[in-house]
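I have a new structure open and my notebook next to it. Here is what I looked up, one item at a time.

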Amino acid sequence: MIHLVQLAQQLDQVFVLAKHWLLGYVPAGVQPLCSAVLSVLSVILVFPLLFAIVTWIERKGLGRMQNRYGPNRVGPCGILQPIADGVKSLTKEDIVPITADHAVHFLAPVLLVSASFMDYAVLPIGRNMVIVNLNAGVLFFFAVGSLMELAVFMAGWSSRSKYTLLGAMRAIAQMISYEVPLVLASIVVIMQAGSLSTVAIVNRQATYTGIWPHWFVFTPWGFAGFVLFMIAATAESNRSPFDLPEGESEIIAGYYTEYSGFKFALFFMGEYIGMFATSGMAITLFLGGWSAPLSFLTWIPSYFWFFAKLLTLIAVFIWVRGTLPRLRMDQLMNLAWEFILPMTLLNIITAGVWYYMPTGSIRWFVCSCMVIVPCILLSRGLKQKKRFQVRTYHFTQ
Amino acid sequence: MTWIIKNLWLVPALPILAAAISALLRRRDRIAAATLAVGSMAASFLLSICALLHVLTSRGGNPIHTFNFRWFQFGNEWLKLGWMLDPLTAVMLVMITLVGLLIFIYSLGYMDHDENFTRFFCFLALFAGAMLGVVIANSLLLLFMCWEIVGLTSYLLIGFWYNKPEAAAAAKKAFITTRIGDLAFLLGMVWLYAKTGTLLFYDGGAGCLENSALTHLVAQSTAIGLTASTGIALLIFCGAAGKSGQVPFHVWLPDAMEGPTPVSALIHAATMVAAGVFLIARAYPLMSAHAGFPYTPTIALQVVTWVGAITALFAALIAVAQFDIKRILAYSTISQLGYMMMGLGVGGVAVGTFHLITHAFFKSLLFLGTGSVIHGCNGEQDIRRMGGLRRHMPITFATYAVGMLALCGFPLFFSGFWSKDDILRSALTWSVSRAPFYMGAFGALLTAFYMTRQVFYVFGGRARLAESSRNILHSSHAAGSAHASALPRESPTVMTVPLVILAAFAMLLGFMGTPAWPWFQSFLDGTHTTFAVSAFSGLAVLPVMVSSSILVFCGLGLGWAFYGHKPIQHADDLDELDKLQPSIFNFLGHAFYLDALYGATLIRWNTWWSKVCDWLDRWVWNGAVQSVSFCVLGIAHFDDFFDASVVNSGFDEGCQGVSRSGQILSLLQDGQVQSYMRIIGCALIVLVLYLLWGAKA
Amino acid sequence: MILAVLTVAGMASAMGLRNAVHCVLALTLGFTGVAALYLQLDAQFVGLAQIMVYVGAVAILIVFVIMMTHRSEPAAPPNFISLWTVGSVVAAAVFAVLAWAICCSAASTQGLPPQPGVTVQQIGDALMHRFLLPLEIMGLLLTAALIGAVVIAMGHKEDMK
Amino acid sequence: MNSLQNYLLLSSLLFSIGFAGALIRRNAILVLIGIELMLNAANLNFIAFWRYGPAPAALTGIMFTIFSISIAAAEAAVGLGIILAVYRHFRTTDLYHMNSLKG
């Protein structure tokens, strides 16, 4: 029995131990540097792999949802498709528009990808598996996230094409107006955990009453915050139904229309990596990070849980993408400013009430009411604003 | 029972919460709004009953229970708020919640036709909450906040029918007039904070109404010789006067009658206007803080008394000659408020508050009766067009009569008698002057007179409503006159029941404070009391009672003589007084015509004086003036020459010089931001160099 | 040291480049450098707030305005050179004086005190207690600025419609 | 090398760069950027003094910086709004042409 427990712990900490073992071989002077390099390397190796797999899953899943086979040529049921894509994008010619601003045009994808990788610096992937434990970790996450907007703008502006510029402007407007609710939605967690450090937040959730975990998502405000956070995150990472910036039907591919070959692949990867990072942050904030969903499952390694949750969220992303149609720009903005923002603010109040009320079912009742009632009212407001009518297009004007 | 002190905040919180919720409601769910308002009011009524019981049970010990908490910190000091529970608070709480509850129920019927029903109840509830907040506040700051909310809601409710221009104007007038007073109030508050460093009334010895602070305040004196306490007290009294329409600020109250009648009853008769009186009562220690020799009233109290007395008389005079049924009551309210102020001044908290409470009941009763009358007459407000309603609306008539007798102070059976009598008695024994007593007595006579007049006009005589063709114009809410029938009819039960209850209170309340058994006074003062008929034989008790009742009878008799025995026939008949003394009557009717009054007197005086001057001019000054004028002419010629030759030229030179230099200087102003910034940079350099120089040397 | 060089380079190019957008990009570089300096000075919260506010908000805002009022730097007026020389001279003089002052001052010679472990929680407490009134005023100011900016920028909307 | 002096020198250098920009550039937006730079230099000073100062626990420097950052944000918003309005009026952002206040 004891053996099993120790084994479980060993298994849990295997990567940490491995890192320490490797660090044993380097002189003490460069050990911090090496440890940093190792952690970063592991991230840089793991997540692109995940990215490759996810592209395949996504295409298959979408195919299933749209009654077609997804990729099914390369390898068994197209499993090798990502590799083929990678090779293709590597070997394609890298075209730069003649009028483009070369330096910026080159820097944009690099900045995007590096920013989206920097996000992982504060994500606790498993127990003791975080690169740096800043005491303002969440803030760091959002700060880095705001770098992406800049990259998007650089891409759109530098390639001197109206589609890219439009796409960039759309993307930035959307990202800014959804970054606000993103931050506000995560504030509730910060209020409860009393810390901005991701590690502290996860540790706060990694305890159990009976077999049930103390995940923040299992509270009214937590649940509301989680949903809002996910909506905002979908918009933040420009995914359907919020993918106006790259709406093929209007502006060809948005801000990276003019990119090709490897840079295009970089953008693609940057977007996915950013999506993973946001989902990871959602997991860290609301879904208890690497902690097991049930107390008797703690023997399963923590990183396994993290990736399980991550894949689940990604599956949700894919599902949503396959299900929902794309919003119009005004609908997008209305949703942001008239529904999500007020909801997040109310949610903050709710969290405060929760914090100060005595534990018990009354607290549950009150807070759920505080979440549900305004939700209904606000959504009714949204619907009232929308008037259904036959839309006529005048081509003669 | 001590939980009530902890949870006293619930009393104002509930109505405010109700208001907040019903603000979110849509216009069409009226039921919900009404239920919320009435329910919250009932709940806080029960709570205040608990509070009263608690105060009653905990007699003997320290009668003041406070609960203070820190609000927020700025710099390094905390701003503290809190609420308190003492007899005054408890009584006021019960009064406000009870009257408020009745008026809420009443307005269910009254505002039935209004399409902004929901908004109305939202405002009412908000008002009630704020008013209760004023009452329980233990911090002048908290009191001021609620005070302002009260003002705001009164503004909103006066202008409730904002599409009527005069309503909007009246609302503005009320708001601005009270603002003037509140500004003084604010100044007094700031001054107080500067002197004592706290705004809490009672804070375990550290409050600003407790001895340490008071002695400190009395010690200091300002530039004009007043002690700081007096100055602050006067400033606060300005605020109170503004709220409760004392003489300089009384102008807004009559116009405020544009609002719906329940509002007039609740805000402008029972509670809000009483808030000023309450404020004085609350700040009484400050008002009466004397520097050593305790037997002469302080300046502040004297001011209060005089203003009160003047108001009482003045408003009563005006009320005699009004025709709008609500304006009569408005002026009588003003004069009653004057009585309260006077009572506070001459007799202390108990006297004034007693009249406040009784007045709240019978005046709201009167107003509700008026409302019922107006409701019955489809919005007719001119008493000349009513009449004969005695038959059509008996309940209203009965209750109205009770209220009227109470207001007149009909002996022995009506609360108004005892409270007013109390005031008069203490006015008689006031050490400074007897004038307030006589003014008050005369006011009482007038009160009886005009109330009788109004009653005979409205209920007596034959119905003149039929001939009133203008009731649509007068109708305060179009929906009301939609199903207008010429014949007046009794109001629905939901309106009459509150009337009956209020009438009962208006009769019975008086016995709480008879001289024989001054339970109320002793309750407020915290002393113990017993029933003693012998008290009647006390100093100036019986004489005052007798005299005041005689006055009342005179008033009633006069009223009957004028309006009663020969019922008014036609709506367009002249008023009896009008026939008798047209000039005086108009003069009163236009609220003393102040401008015309000044005009008349001054002009007469002027003409006389000008005649004298004319004669003097002609025979005395003329010669002198002639001679002087020649000298003046000579000097003028010399000046002219001097100007032309000397001054002008020099002045022109100067002008040119200035303009040239201006042109030169304006070259610097080339409108370029950056050149300015350049100069700033140079200035920065110089500054740093200078500082370095200073550091070196 | 590297950070300093980076920052100065960013700032200088932000002021020096001809293309406004390049200026903004260089500016963000400079801001990031300053933020890194804050981090180096153990002021994590401020540093990250700096990135969020400046890089995330201000820079984007400026970019938007540049997009809306996009003109290349206008041709040099006759006095451009003089403007340039005078401006740079004044600025240089300012720097020289400041540097001199700093070198003379005694305060700058002390060493690094031990690191104060400032957590975000402490900052929050300070904001909620000692600095509450400034905080409130700041909120008021931000609201006013928000409304004012909207009003000013959207002032002629109905004309444009 | 990381003495207070160097930080102060750096911040003064930044300040004068910003100042030079504000003096030289004629695009109003860039002048605004210059002003932002000066603000940043000031903030850097605050932080440096806080870090090296006698009482780092008092957090005064950090508070100052936070407040001045938020003020800077407000200032940027309003300033850019003004620039937009001016641009609508003059059709240019060139300070050289905005000299209507000329005496």
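**A tryptophan in chain B**

I started with B:W418 and found that this residue sits in helix α19 of chain B, which covers residues 415-428. I kept in mind that this is a predicted model.

Next I asked myself: is B:W418 buried or exposed? I counted 26 other C-beta atoms within 10 Å of B:W418. The cut-off for buried is 20 or more, so B:W418 goes down as buried.

**Where chain C touches chain B**

How many residues of chain C are in contact with chain B? I get 14 from chain C, and they meet 13 residues of chain B.

I wanted to know which helices of chain C are involved. Both α4 (80-104) and α6 (132-153) of chain C give at least two residues to the side that touches chain B. The largest share is from α4(C), with eleven residues.

I also sorted that side of chain C by residue type: twelve nonpolar, two polar and no charged.

**Chain D**

Last, I turned to chain D.

What percentage of chain D is buried? Of its 103 residues, 59% are buried.

I finished with the contacts inside chain D. Taking those between residues at least 6 apart in sequence, I noted that 52% join residues at least 24 apart.

Conventions. Residues are numbered from 1 along each chain as its sequence is written. Chains are lettered from A and ligands numbered from 1 in the order in which they are written. This is a predicted model: local features need pLDDT of at least 70, side-chain atom pairs count only at pLDDT 80 or more; totals for chains, interfaces and linings use all residues. Two residues are in contact if their C-beta atoms, placed from the backbone, lie within 7 Å. Helices (H or I, at least four residues) and strands (E, at least two) are DSSP runs, numbered from the N terminus. Ala, Val, Leu, Ile, Met, Phe, Trp, Tyr, Cys and Pro count as nonpolar, Asp, Glu, Lys and Arg as charged, and the others, Gly among them, as polar. A residue is buried if 20 or more other C-beta atoms lie within 10 Å of its own, exposed if 12 or fewer, and partly exposed in between; C-beta atoms are placed from the backbone.
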